[in-house]
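Here is a short briefing on one protein chain. Look over the sequence and the model first.

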Amino acid sequence: MDVHDLGEGEPEVAVVGAIHGDEPCGARAVRRLRDADLDVERPVRLILANEAALDAGTRYLDDDLNRVFPGDPDAESHEERLAAELLDALEGCSTLAIHSTQSYAEPFAVVDSMDEVARAVAPHLPVDAVIQTDAFTEGRLIEHPHTLEVEAGLQGSDAAADNAYWLARAFLAATGTTPAPGADDVVDAGGREDVAVFRLRDRIPKPDADVYEVFARNFERVEAGEAFAAADDEQLRADDPFYPVLLSPYGYRDQFGYVADRVGTIE
């Protein structure tokens, strides 16, 4: 794990990249922040988390890091030890963790619950949606207080790396860590008019098949009876209306994605 601090004193804000080694956008954003000579008004910590997996170009070495928090410093698993080390480095920080997906090209945010940090920061990020995970955190970093995840775009793309940098800059501005970028920059320092909030309700399991397809679009309502995916020649149809989230044919081993409800907006 590589840790780089900016400013004087104990860090109060943190940006984390490379929790997954096959998602290089966060690492590229952290390195770009580190090289940007930022004028910080609050001390900030920049972290490249799973350097070993990043160097290997694989999601993880022993276990998915974002499923084993709080970790164990004495574990045999590299990621379980790393999880404990990372949480120690993030103690007392409002944290942004950067990820990317195989399912959606535009940035969105993910939170465990709508705490005060999420409500204050999310409207100032260049995202169109916030996903509230509730019961689906499963050892993820966002189980821990004052932490947001962002999905910066499609895994491995240059666009995701650029999005990740501007998401981080927006986060730093929203937390009072750096001055807001100028009006010609990507960041909307004045905030969004509104950000849609979706709450995960259930998983969408995958039947055994050789070929998978998805027909629905993430964050767009699927009506009851509508076909939203297929496993080989079998179409899957919605029992009830829902909004698909992280829906993709091959993003997960045993599920297509999630069923979600649209529960409101943050303004």
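Which residues of helix α1 (residues 24-34) are buried? They are Cys25, Gly26, Ala27, Ala29, Val30 and Leu33. Buried means under 20% relative accessible area with a 1.4 Å probe, counting protein chains only.

This is a predicted model: local features need pLDDT of at least 70, side-chain atom pairs count only at pLDDT 80 or more, and totals for chains, interfaces and linings use all residues. Residues are numbered from 1 along each chain as its sequence is written, and side-chain values use heavy atoms, without hydrogens and water.

**Overall fold**
- The chain has five helices and 13 strands; these are DSSP runs numbered from the N terminus, helices being H or I of at least four residues and strands E of at least two.
- Buried residues make up 52% of the 267 residues.

**Packing around α1**
- The buried residues of α1 pack against β2 (13-17), β3 (44-48), α2 (51-56), β4 (94-101), β7 (147-154) and α5.

**Nonpolar cores**
- A nonpolar core is a set of buried Ala, Val, Leu, Ile, Met, Phe, Trp, Tyr and Cys residues joined through side-chain atoms within 4.5 Å.
- The largest has 42 residues; Val15, Ile98, Leu125, Val130 and Phe171 touch the most other members.
- Helix α5 (residues 158-174) gives the most to this core, with ten residues.
- Another core, of 17 residues, lies apart from it and includes Ile47, Leu65, Leu87 and Ala89.

**Contacts of Ile98**
- Beyond its neighbours within four places in sequence, Ile98 contacts Val15, Val16, Cys25, Gly26, Ala29, Val150, Ala152, Ala164 and Ala168.
- Contact means heavy atoms within 4.5 Å.

Note on methods:
Buried means under 20% relative accessible area, exposed over 50%, partly exposed in between (1.4 Å probe, protein chains only).
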